[in-house]
Every structure is written in C-alpha cells, then in structure tokens.
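Please read it alongside the sequence and the model.

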2 protein chains.
Amino acid sequence: MSELALIERIAARARRRAGTELGIGDDAALLSVGGIAVVTQDLLVEGVHFDRATSSARDLGHKALAVNLSDLAAMAAEPVAAFVGLCLPPGVPVGDVDELYAGMEALAERHGLTVAGGDLSSGPALVLAVTAVGRESPGLPAPLRSGGRPGDVLCVTGALGASAAGLLLLERPELAAAVPAAVAGRLRAAHLRPEPRLEAGRALARAGAAAMMDVSDGIALDAGRMAAASGLRAVLELDALPMAEGVAEVAAAAGRDPRGLAAGGGEDYELLAALVPADVGTARRVASCPLTPVGRLEEGPPGLVALDAGGAAVRLETAGWEHDV
Amino acid sequence: MSELALIERIAARARRRAGTELGIGDDAALLSVGGIAVVTQDLLVEGVHFDRATSSARDLGHKALAVNLSDLAAMAAEPVAAFVGLCLPPGVPVGDVDELYAGMEALAERHGLTVAGGDLSSGPALVLAVTAVGRESPGLPAPLRSGGRPGDVLCVTGALGASAAGLLLLERPELAAAVPAAVAGRLRAAHLRPEPRLEAGRALARAGAAAMMDVSDGIALDAGRMAAASGLRAVLELDALPMAEGVAEVAAAAGRDPRGLAAGGGEDYELLAALVPADVGTARRVASCPLTPVGRLEEGPPGLVALDAGGAAVRLETAGWEHDV
C-alpha cells in the first residue's frame, strides 16, 4: 500500500473531537488550547522499548499514546490531540497498522482527544514517535516537579511493580504458575496497556499537589528527581510502597526482590504527588484511585534516601538493594 | 554517554525563548500560544530521507526543524517551540549529536523558537521525529488548503528545482562541472538546508492568500492537492514555473527534463498561495521574496491540468512528462 493510501486510510479512521479545529490533512493541525499548551513527546522503539513477539499492534498503539497521556496527567492537563510519527519496517501487514491506530483511537475516545496529525515513513524498525498536546485545566496551573516544599508528603497513586512483574511474565511465561491466571493477566496488561491517570492528576492538583510527576522510571529514581528539582531530599519508606497484587509471588518465583520491582521496575505510569500533610486526607478522597503516602520531602542534600521498615537507610542499586553500612 | 547525561547536555544548550514558559526538564513543556496552537510533525529517517555520507549532522538538525517550520509557514503561524525525538544508532559520536542540535538551535534562534522537549533512544538507524508548535499570528487565521476559490491565481515563492538538482549533485558529484562552483554550492545547500518561508507565509496571508501550503512533494502534486481540497481544478503553466539558477544545466548534464525537476522534484519548501487576481500585485510587493504567478484555480473535476507554452495539456508522469494525445 502506498504511503498516501495509508495516510488516507488512517485519516478516515481518526475521529475529530472537541478542541481540534483542524486534524489530519493540511500542513498542520489547529488546536484550541485557550492560552497554555502542554506538550510532551515519547519514542517507542522496537528492540529497545518493546518486542513485537509479546506486544500486539493494538497494545503498541495504546501504550505509545498512554505514556504521553501519563505525562499530561502529571501536569493536570486536559489532552486535546496526539501526533503520531510512525516508521514501518518492511513486511508489517496493513492490518497491523489498522490495529495500532485502533489501539490509539480507543484510548483517545476514552479521554476525548484527537489523533490530529503525524507522519509515516518506511524504516529499519518499528518506531512510534508520539507527541501529545493538552491544555491547562481551567484554574489549575500545572504542578511542576520543582514545586515540592520541605515537609510535603509524597503520595503515589495505584500500586507499583505490576509493569515490571508483567514484563517478567512475558519474558518467562513459566513464572505465571506463581499466580492465578487472572492476576497474571492483569500484570501483563499493566505492562502492555498502562492506563494514564488523567482524572487522578487533575484531582490531585485540585487537592493542592504542589509538585507532581509520573512514575515512569521507578519511584526511587523519580522521587529523587522531584526532590532534586525542588532543591530538597526525598525520604522514601520502602515498606510503605503499595505493591500490586501478584508482584511478590512473581518476584519470588523469579528470584527477584519484590521491593526492587516496586521501587525500581519502572513503567508503572502512576503519579507521584507532593502534598502538605493537611491535604493528604482530601487528596485520598478525591483521587478516584488508591493514593498511598510513601515518604516525604525535607531539607538536605538533593536526592533520595530510602528507608527500610526499621528506619535504616538502604542504598538502592540498579540491580537491587543493599543496606548502607 | 548515558541517555540521561546526553539529555542534560542537550538541555544545557537549548535556549528558552519567548512563548515557552517551561522547556526541557519536566513531564511536559508549557507553551503560551494564546488560543490556537498550530502543530505539525515530520519524520526524517536515515536511508529513506537522508544519507549520512552526504548530510552532515548540522545539516540534519537544520533540515529536520526546517521542514516542520515550512509547514507552520504555510499556516502563516509564528513558531513557538520544537520537540525532538531522536533515535541514535550505535557509534554516533557525541560531537555529532552536539552538531545536530547546533544546527537546530541556529535555526531556532533565527525564528525565535525554543527546543522545548523531546525524547532520546538508541535504535537501528538515525531517526529524527520533530514536532513544531506555533501560534496563529494575531488577526491572521491560518489559510487552509481548502480555501481556494475559482479564479484564484496560484503563486509560488522563490524558485523551484534547486533541491532536486542539489540532490543530483550530491549523488553524482561529476555533474557539478555543469555549473559554476558557487551555483553548485547553492543547489546543494537548497537540498541540505532548506530555508522555511515563515516571513513570506505571514505576508501572503496578510495580502489575502485564501489557500496556502508548502511545496514539499513538487508543485504539480501539491497544486493538485490544494485544488482537490478546495473542490476545484488547478491549471499549472509549466513554462511559468520559476526555475532556480543552475537547474537547467544540471538537468541537461544528467539527461533529465529540467521542468521535471522544477515541477516534480520536491523538497523545495517554497509556498504555494491562492490569491484573487487583484491581490497578486500587493502580495508580490510584500512577500519579501520573489513571488511568481504559475497558474489558476477553476471549476472542473478536482485535480491538476498542466499546460505547456502553447497552452496544450501535458500529462505528468512520475518519471517525467508526456503530451496528451
């Protein structure tokens, strides 16, 4: 199929939603953002971020958009449109391209945005370069990473470790015996089709979150980044981390530390928010999902201190955990 | 160098300019667009769109941004920011990454925009996925492809065929003997470092351009697209096409039809505008670059009719020209 025919096929299936004045088909798209545009871009590269043996085309479409929407969620923004740059290697069936856009379109439908443009090319590997554009929610300035204050409580949405455990299950299917089939399915889905926390992001900002970011590289690394951006130190209580169902069992079967998956596994796409202690109760009521206090920000050398259950400092290594001596 | 270190290096060199409230370093960028955001995305893929043997890293950075700015020019927009997704194959020296961003930054400086975000990944080939975000110029709605009216004069900025001739010179250096060295240099530069017509785009919109687009795939194809979007027929006078200096000589040396390079060579990144006849004079005075009437829009089956000097219809083939019988 020619590039032009494929673009027409994609354009015919992209539904235009509120905020997109002009979508696919002109030199550029026109988006009504009303002041401040919130823009983010992520790459998904075959062989680096995904494997076509374990990710379906529909999964890929979903995930490529979801990881960008997660960034908009962290800014408490309302998504308006997405732009999809797609490199297609030889031999990808057109049905897979349809499925990829269908995965994106289903997620776009749920969050009211438009696939409003992009570009197509042949290439040596499947590459998805998605840019998401949102607008600031009315009266709700984006909470930045740098907004944390000493004494803020660090809270995380949902549960952690599911994506890392799901990836283990995809790479080593025999580990699935460690958990009920439904749990294994949820863990794999957490890796393949993460759900961006858009509603929670806006609710947390309304509840007073001073700093917010999405947890894409593991909460230990990301909390350290938020602290550093705020000129503070993050104290993370490892035993307070909410662990997704089945993570402990899969980690045990794989000979891995479950806290390593929860704190450092990455790709959970939960939100990390810094709130004054008095706002935590409200935030938990309005977040529309579980919200767990996991630590605090305090004065000190920028970076992260992780504490175990006894309050002892733990050093986090790339491949696991080690107590400080 | 680690991905993180490379991102920090890139962020340190990206200057924040007016309109970008928040650039690289948070989950998303914040751009002040004041109502309507104008957004476009283009991919440049190694082996498809460029060859590292003939394009320097600085050229690539320039071109990846320039082709996006050309789309904003066609919307008469003011560029605000660019987002750069970069796949790096193994072995690209960090100095080349610096040069690539330097090429982008130099062009961004001239047009007042900010490299405000993006993503980095390893990958099997060099891929540049650039998204440019602009705002509508005050009081100047974007002229769409579909805005053409019967009787409009089609005008094109600058001159055509330079990029195609430059590519011939890069692929077959011996052809350079056909033209003076300075001319050969300008033709190669037209291919490697096209200059987006941002100022001309706004001037043409102010002068009344009802439809506008950039000429990226050759004026024959693009004029046909504008006509089709407007529900009209484009009549293109082949002998009126402004041909860049040296194109005729390079085409002759290569055994190619110079009109083929001018009308179908592509990548000239000039602007094609539809104006009522009474506005053409004003448009030529304010365009800040040559502006040449090359045809008209008229009622008829959507598409393109090309006419030779005698007024006879010419059929355009992918690989050249053929008179209709």
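Predicted model: local features only at pLDDT ≥ 70, side-chain atom pairs only at ≥ 80, totals over all residues.

Two residues are in contact if their C-beta atoms, placed from the backbone, lie within 7 Å.

**Helix packing in chain A**
- The residues of this contact of H2(A) with H3(A) divide into 12 nonpolar, four polar and four charged.
- The axes of H2 (residues 57-74) and H3 (residues 94-111) of chain A come within 6 Å and cross at roughly 40°, which makes H2(A) oblique to H3(A).
- The crossing of H2(A) and H3(A) is right-handed.

**Relation of the chains**
- Chain A is superposed on chain B by a rotation of 180° with 0.0 Å of shift along its axis, at an RMSD of 0.0 Å, and that is the relation of a two-fold axis.
- In chain A, the C-alpha nearest the axis belongs to Gly35(A), which is 2.6 Å from it.

**Interface**
- In the interface, 46 residues of chain A are in contact with 46 residues of chain B, and E3(A) gives the most to the side of chain A that touches chain B, with nine residues.
- That side of chain A divides into 26 nonpolar, 12 polar and eight charged residues.
- Because 100% of the interface residues of chain A are also interface residues in chain B, the copies meet through the same surface.

How values were computed
Residues numbered from 1 in each chain as written. Chains lettered and ligands numbered in written order. Least-squares fit on C-alpha atoms with pLDDT ≥ 70 in both. Axes fitted to C-alpha atoms, helices over the stretch in contact; angles between N-to-C directions. Helix = DSSP H or I, 4+ residues; strand = E, 2+ residues; numbered from the N terminus. Parallel < 35°, antiparallel > 145°, perpendicular 65-115°, else oblique. Left-handed = near helix turned anticlockwise from the far one by under 90°. Nonpolar A, V, L, I, M, F, W, Y, C, P; charged D, E, K, R; others polar.
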